[in-house]
Structures are given as C-alpha cells and as structure tokens.
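Here's a quick tour of a model, written for someone who likes to know the cut-offs. Have the viewer open and follow along.

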Amino acid sequence: MTVRVGVIGGGQLARMMIAPAVELGLDLRVLAEEPGMSAALAATATGDYRDADTVLAFAREVDVVTFDHEHVPQPVLRALVDAGVAVHPGPDALQYAQDKLRMRRRLAELGLPQPDWAAVSDADALQAFIDDHGGRAVVKTPRGGYDGKGVRVVGAATEAADWFTALAEDANGGELLVEELVDFTRELAQQVARRPSGELAVYPVVETVQRDGVCAEVVAPAPHAAGPVAAEAGRIGIEVAEGLGVTGMLAVELFETTDARILVNELAMRPHNSGHWSQDGAVTGQFEQHLRAVTDLPLGSTEPLARWAVMVNILGGPAEGAMGDRFATALAGRPNAKLHTYGKTPRPGRKVGHVTAVGDDLDEVVYEARAAVAAFD
Ligand SMILES: Nc1ncnc2c1ncn2[C@@H]1O[C@H](COP(=O)(O)OP(=O)(O)OP(=O)(O)O)[C@@H](O)[C@H]1O
Ligand SMILES: [Mg+2]
C-alpha cells in the first residue's frame, strides 16, 4: 500500500520534499497555511496549524505526520498522539526545538557544551548577567524566533524593556533566555537523521555564514574541520538525536569559538537550510533522508559526491520582473550550478531560492554559486 506522508506547513521545505516523495513512491500531502504557497503542488488541505480540529482532520487521512516548521503548538501535537497518529518528530522531542529555554535546560542535563546562559524574568536579573559577562550579552525570546528575529545583542537591560513588557502581558508570564556573547571564529551545522527504530545517518559538518541573522551561504564540508572539529560536531549531533529522541532530520547549529571549543547554538528538527547542499552534493539529500526516516525506511549514504558543495541563498530576488526572467542568465556557462526556486514572490530579504555548485576546487565552486545567485539581484 502506498504510504501517505502528511506535512504540516506549505513552505519551501515541504516543497523540496515533493520530488523525493515521488521517487520513493510516497503519497505526500501538505496542510498549507493558505493557497499559493511554496508547496502548493502537494497541498491537499488549507488551514490553521494551530487549530486542533483542522490538524486532526488532515492527520486522519495520512500514515505519518511531519513538519515544514516547528510552530505547531504542543496541545495540538498531543491531540494527534492521543488520536493514535504517528508523529515524527514527536512532541517530546519537538519541544526542545520550539523553546530555546527548554533546550538549554535539557542540553545542560545531557552535559553538552553550550554558551553560558540564564533564564531571566526581570531587568535586574538580565543586568546582573550582562555585568557578569563583560557588559554585553545576547537576549532571546524562547519561542517563535526565526531568521534572527527574537535575537538581540544588548549592552544594558533597558534594551530588552519591550520584551519584558510583552512577557508581563502574556497570560503565561514567562522568562527570556540570555546567553554570553560568544566569541566565535565561525558557525557550523551538524545534521543527523534518525529513524524511529534508532538507525542514524550522520552528515559531514558544514560551515554556515549568516548575514543580518539570516543564513546566506553554506560550505560542505566545513573547511579545515577534518579531525577533532568534525569528530566533536558529530558526537554532539548523535548525542542530541539520541538524547532527545529525535526522529527525521536534526540540525544542530554550532559555534566554533576562538579558543577552539564547539558550542551548541540551537536545534531544528526538520530539513534545514544548512543541509540544502546535500540535494546536489551528497548520495542522499536531506529531503529524501527526512522522508526515509519518518517512514522508518533504511537511511541512505551521507557521502559527498564531490570534494566541495557550496550553497548560496537567493535572498530577496529581483526588484523588478519575475524570477523566471533571470534563469537563463543565472545558468548560462555554469554547468555545475543547480538552481532551486521556491515559487515565492520576491521581497527584500526573503528566501526565494538557492543555488548549489559542486566540484573539486573550492574557489571555483564558490564563484560559480555566487555568480548564479547574483543574476537575481
Ligand atoms: N550567544 C550568541 N553569541 C553570539 N552570536 C549569537 C549568539 N546567539 C545567536 N547568535 C547569532 O545570531 C544568529 C541567530 O541566532 P539563533 O540561531 O538563536 O536565532 P534564530 O532566529 O532562531 O535562528 P534562525 O535564523 O536559524 O532561524 C546566530 O546564527 C548567530 O550568528
Ligand atoms: Mg539559528
């Protein structure tokens, strides 16, 4: 019988599951927030993922539920589990990707390396942390942040006054997360796939470059990481996947510090921007691997297909005209550049696609991917 996979959320991650689902013979169905989204081609339902009835009705028609994003509320996830629906990743794991304070507490229990942090519920506590950490710190809203929204570098507690006010107005009360401002040489990401039956597949650690809090480029594998860095990143990825009981794709965002430590920044339990390179640069791309994992099929090899893969995001897209008007310019004379578009309307800063180039010469590969993306300026 054809296995039906239900994806909650109609963004580009759901969209990029469509091709491998076809190849694997899976019936992919998407619950999209609205018509015309990235994954519209596979949308079988439209509705609010925060509404239990909507999500339950969608889930009853599939064999396993998975996600395009981590914003489905815990009570809705619990309702699915109570109704006997297979959910991967399940709510017990997903809570740590939904709430950065819960994540910090759990990683501390597991003894995993992370920045100094504290939960603060008022300005005095925040100021004390800042004073103890050289006069600067990073404040984060525990929930709902993405692309750097909900992350603020502050030198005084007054700079987070609006967030404390919002907390006070929130019926649940709550706390902010504050972290030391990590002195890092670069950011890395470690991806691991895990099946419900426990099998793991570990990807090479990659280097990620963020601009204005948004992922801009990824180099796979991370240069100069062979040896201790890759081993430590892989160890952390496996311990998080197993310790938190993650099923499907896990991405662990990491800092490599100036004193050569690897610290966990945050987690994503779904395909992740840092893994797009694997679509064209590895034996098994992350979207196929996610589908294999959530349907409990044997996992595929994570071996790279070439020495280097470089992924560059198309951020914003053309100010005038359609994306499609630029395809020919982007690809001409760049036979190693692979274009992926998300079917989204260009808007400043928005992720509307990416290009991955693979090859043996890192400079060439970086140039080719960047040049193709520049055609969309
Ligand atoms: N403690 C820290 N010290 C230094 N820089 C930090 C720290 N925390 C976050 N950053 C910077 O801010 C970026 C965004 O932070 P984080 O990943 O927590 O936010 P997000 O909005 O949830 O992320 P995403 O863009 O992955 O959705 C990080 O990639 C890093 O560049
Ligand atoms: Mg992040």
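## Helix α10 and what comes after

Let's start with α10 (286-294), where Gln 286, Phe 287, Glu 288, Gln 289, His 290, Leu 291, Arg 292, Ala 293 and Val 294 are buried. Buried here means under 20% relative accessible area, exposed is over 50%, and partly exposed is in between (1.4 Å probe, protein chains only). Since nine of the nine residues of α10 are buried, the helix is largely enclosed by the rest of the structure. Helices are DSSP runs of H or I with at least four residues, strands are E runs of at least two, and both are numbered from the N terminus. After α10 comes Asp 296, with a positive phi near 55 degrees.

In the loop between α9 (278-281) and α10 you'll find Thr 284, which counts as buried because its relative accessibility is 2%. Leaving out residues up to four places away in sequence, Thr 284 touches Tyr 203, Ser 278, Gln 289, Arg 292, Gly 300 and Ser 301 (contact means heavy atoms within 4.5 Å).

## Ground rules

This is a predicted model, so local features need pLDDT of at least 70 and side-chain atom pairs need 80 or more, while totals for chains, interfaces and linings use all residues. Residues are numbered from 1 along each chain as its sequence is written, chains are lettered from A and ligands numbered from 1 in the order written, and side-chain values use heavy atoms, with hydrogens and water left out.

## Around ligand 1

Ligand 1 has 21 residues around it, and Lys 100, Lys 140, Gly 148, Glu 187 and Glu 266 come nearest; a residue is near if one of its heavy atoms lies within 4 Å. That shell splits into seven nonpolar, five polar and nine charged residues. For the bookkeeping, Ala, Val, Leu, Ile, Met, Phe, Trp, Tyr, Cys and Pro are nonpolar, Asp, Glu, Lys and Arg are charged, and the others, Gly among them, are polar. Strands β6 (137-140), β8 (176-180), β9 (184-194), β13 (248-257) and β14 (262-268) each supply at least two shell residues.

Taken alone, ligand 1 exposes 610 Å², and the protein buries 88% of that (Shrake-Rupley areas, 1.4 Å probe).

## Aromatic pairs

The whole structure has three aromatic pairs, counted when ring centres of Phe, Tyr or Trp (its six-membered ring) lie within 6.5 Å; planes under 30 degrees apart are stacked, over 60 edge-to-face, and the rest tilted. One of them, Phe 184 with Phe 255, is stacked at 5.0 Å centre to centre and 15 degrees between planes. Because Phe 184 sits in β9 and Phe 255 in β13, the pair ties together parts 71 residues apart in sequence. Phe 184 is partly exposed at 35%, while Phe 255 is buried at 7%.

Tyr 203 and Trp 277 have ring centres 6.3 Å apart and planes at 90 degrees, so that pair is edge-to-face.

Where are the cis peptide bonds? One runs from His 88 to Pro 89, with omega near -5 degrees, and another joins Ala 220 and Pro 221, with omega about -10 degrees. Ala 260, in the loop between β13 and β14, has a positive phi of about 65 degrees although it isn't a glycine, and it counts as exposed at 63% relative accessibility.
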